[in-house]
Amino acid sequence: MKTEILAPAGSVASMEAALCAGADAVYMGGSMFGARAYADNPDEELLLKVIDYVHLHGRKIYLTVNTLLKDSELAGLGDYLTPYYLQGLDAVIVQDVGVMQYIRRHFPGLALHVSTQAAVTNEPGAAFFKEAGADRIVPARELSLGEIRRMKEKTGLEIECFVHGAMCYCYSGQCLLSSMIGGRSGNRGQCAQPCRLPYQVQGKSPADLLSLKDLSAVDLIPDLIDAGIDSFKIEGRMKQPDYVYTVVSIYRKYVDLYFEKGRSGYKVKGEDRDDLEGAYTRRGYTTGYYMRQNGREMLSLSRPKEQKNVPEKKRTCRPDYKIKEKIKGKFIFSEGKYATLCLEYKGKHRTVYKEVSGERVQTAVKAPLERERLEKQLRKTGDTAFVFDNLEILMEGNGFLPMQSVNALRRKGLLALRDEILDGCRREKPETTVDRRFSDRAPDTVQTRCLYEEGFLEAVVQTREQLRTVLSCDAVSLIYVEGSIAFDRDTLKIVKNAGGKLQKKFFTAMPYIFRERAASWYERIYEILLREYDGVLIRNFESLSWLKRKKYPKRMVSDSNVYVFNRESKDFIRQCGLSGFTFPAELNLRELTALGGGGILTVYGYQPVMVTANCIKKTTGTCDGHNSVLFLIDRRGKKFAVKNECQYCYNVIYNCAPLMLPDLALELQSVFPEGVRLDFSTEGEKKVREILTLYEEAFAKKKQVKPPAGEYTRGHLKRGVK
């Protein structure tokens, strides 16, 4: 099967341009739940017409439902999807595991494509989603061709990869930068792109350190196809139809060229590459991560100067993008019999025949109807989707029909052919499509998390200094030790001694990104993990899948970036065998309360706002392979700590101000009786001790306290995100 070309359709015009250029499928957002909230997304009536238009031309359409949904929104998902499901929508693209579970249950037969927003990074992660009902994976853009090939070979899932367009600096779905500093959530389709602004590392000049060049992988098409990629995805739902047409047509040309002539005959012409790169010029182009781990050369460190007096690019396509499907026709015109029109449509997936009859052919009183005139009239297909490629007219006798009768028969036949084609795409109404339980039922009060009664606070530590300091706080009952220090000999000695003497429990916090390098490391230390720690904090479904394969017997809880945004995703987490979860950072107090028990709320810490494959340290200097912390400074002088996790080769960028909520302790304890969490990252001993004292006074001793002096944030606890 030839590799699919999947095109962006941010508008109806872009959809038409994509099909005109040869796209096999388009992806489009509706009026709700799409990760491009500012695209020209159609309303329900128009989208239903779009689905028909796409299917009439033998292509497919995938709907983006790739944001995180709140409980209040999940209640309306059934009503939203039902018309599109019945119309024949081919697939939905999803990020939220709750949405995925809901669709699988209520819309049988509707294909599920796991969005790149889910940041699937290896075969265990893909296999996890396959078991959950996924038909296709759109893996993280940071993967190499080797990783993609192994994912395909071991799971058999359809694999869809980006080949052209803008690239995020952060692993998709793991970015809260826009949300935390500007209130516009990328997980909700409203990213303000602060990564495109200049930043500096202390002592160096400002540069666009978080701005990647655009992806252009046309030269890699043979390698991508040979790696088993089923669908080439083009980014650009915010771009114009001309851009879509140009990019799709060039990728169509070179995919076809490779399948026709193979590697030996594959070469991209210079003028095509110029057209491709000239269709949209922002920062230059890169082949992405397919052939490299990361690198400075992937970045656009400065904005290109505005070019003046540049001649306008010649339009590469016709004024409109309407296309027609070629059909065969046979018109039987016999005196005294009913006129008959037979139509044949050979589509990409099936052949459709349709025969319709009109009025009885009269005997001509004067001149009989001429063949040429009859053919000319029948070929007037107007604004329908069809055009006659071949039209045979069989005439017998001295017959006559009024032109209005001929026109009526043509219209009847084309309409019947259209309906026959579309009927093959329609679905029956599922038994249940609307689920009201999330809007009607009372908040969930079932406590599923197994906590320890000795204290109320939990803490995440990243250094042994922080670990020793936290051990001195009686109110802390559970400590998460970050993976970078968790298996050092000195740390293990502290954990073993403290666990027995102080009656504290220790979990290890697994990596944010669990690619092959991390999996290989954990294979080597698994027995130590099993022996020395009471449980694990997981931050992705890859590590969960890996642990389940190991039949890991101890407690597993998920971190806030494994998003539990609604009760469907909460149920999903429970079904996966997790004993608890951490509430996400983007829900407000009312929404958290509605979500119910079973989770822990983070009430202190510099929250992670980016997890990246590219390395700030390497970009601004050299990589020495040692973990370290440096600071990004924005144009307003705000400092964002950047931790280099060299063992796993990723960066974590933290917010410029810490979350600080001790004065809300009484209110929060009534809502979160299971406890709250303190996250330490770059703090030294003095600051850790100060924070522990403050929160112990507030949460354990129930005293009224004030936040300390200095800059801090309340996060989204009061405001939430749209």
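Biologist: Before that, what sort of model is it, and what are the ground rules?

Modeller: This is a predicted model, in which local features need pLDDT of at least 70 and side-chain atom pairs count only at pLDDT 80 or more, while totals for chains, interfaces and linings use all residues. Residues are numbered from 1 along each chain as its sequence is written, and side-chain values use heavy atoms, with hydrogens and water left out.

Biologist: OK, how many residues are in the largest nonpolar core?

Modeller: The largest nonpolar core has 203 residues, and those with the most contacts inside it are L77 and Y695. A nonpolar core here is a set of buried Ala, Val, Leu, Ile, Met, Phe, Trp, Tyr and Cys residues joined through side-chain atoms within 4.5 Å, where buried means under 20% relative accessible area, exposed over 50% and partly exposed in between, with a 1.4 Å probe and protein chains only. Its largest share, 11 residues, comes from helix 10 (residues 241-261); helices (H or I, at least four residues) and strands (E, at least two) are DSSP runs numbered from the N terminus.

Biologist: And what does L77 touch?

Modeller: Leaving out residues up to four places away in sequence, L77 touches F33, V65, L69, V99, Y102 and I103, a contact being heavy atoms within 4.5 Å.

Biologist: Switching topic, why does S211 count as buried?

Modeller: S211 counts as buried because its relative accessibility is 0%. The residue sits in the loop between strand 8 (200-201) and strand 9 (214-216), and, not counting residues up to four places away in sequence, S211 touches C195, R196, R283, L299 and S300.

Biologist: Which strand gives the most to the lining of the largest cavity?

Modeller: Strand 24 does, with 4 residues. The lining of the largest cavity divides into 20 nonpolar, 10 polar and 6 charged residues, where Ala, Val, Leu, Ile, Met, Phe, Trp, Tyr, Cys and Pro count as nonpolar, Asp, Glu, Lys and Arg as charged, and the others, Gly among them, as polar.

Biologist: And the second largest pocket, what is its volume?

Modeller: Its volume is about 440 Å³, and of the 20 residues that line it, Y53, L56, D383, T384 and A385 lie nearest its centre. Helix 2 supplies the largest share of that lining, 6 residues.

Biologist: Last one, how many aromatic pairs does a search of the whole structure find?

Modeller: The search finds 30 aromatic pairs, counting rings of Phe, Tyr and Trp (its six-membered ring) whose centres lie within 6.5 Å, with planes under 30 degrees apart called stacked, over 60 edge-to-face and the rest tilted. One of them is the edge-to-face pair of F128 and F129, at 5.4 Å centre to centre with 90° between the planes.

Terms used: 1 Å grid on protein atoms, 1.4 Å probe; cavity = no way out; pocket = protein on both sides within 12 Å on 5 of 7 lines; lining within 4 Å. Points joined across faces, edges and corners; volume = space filled by probe spheres on them.
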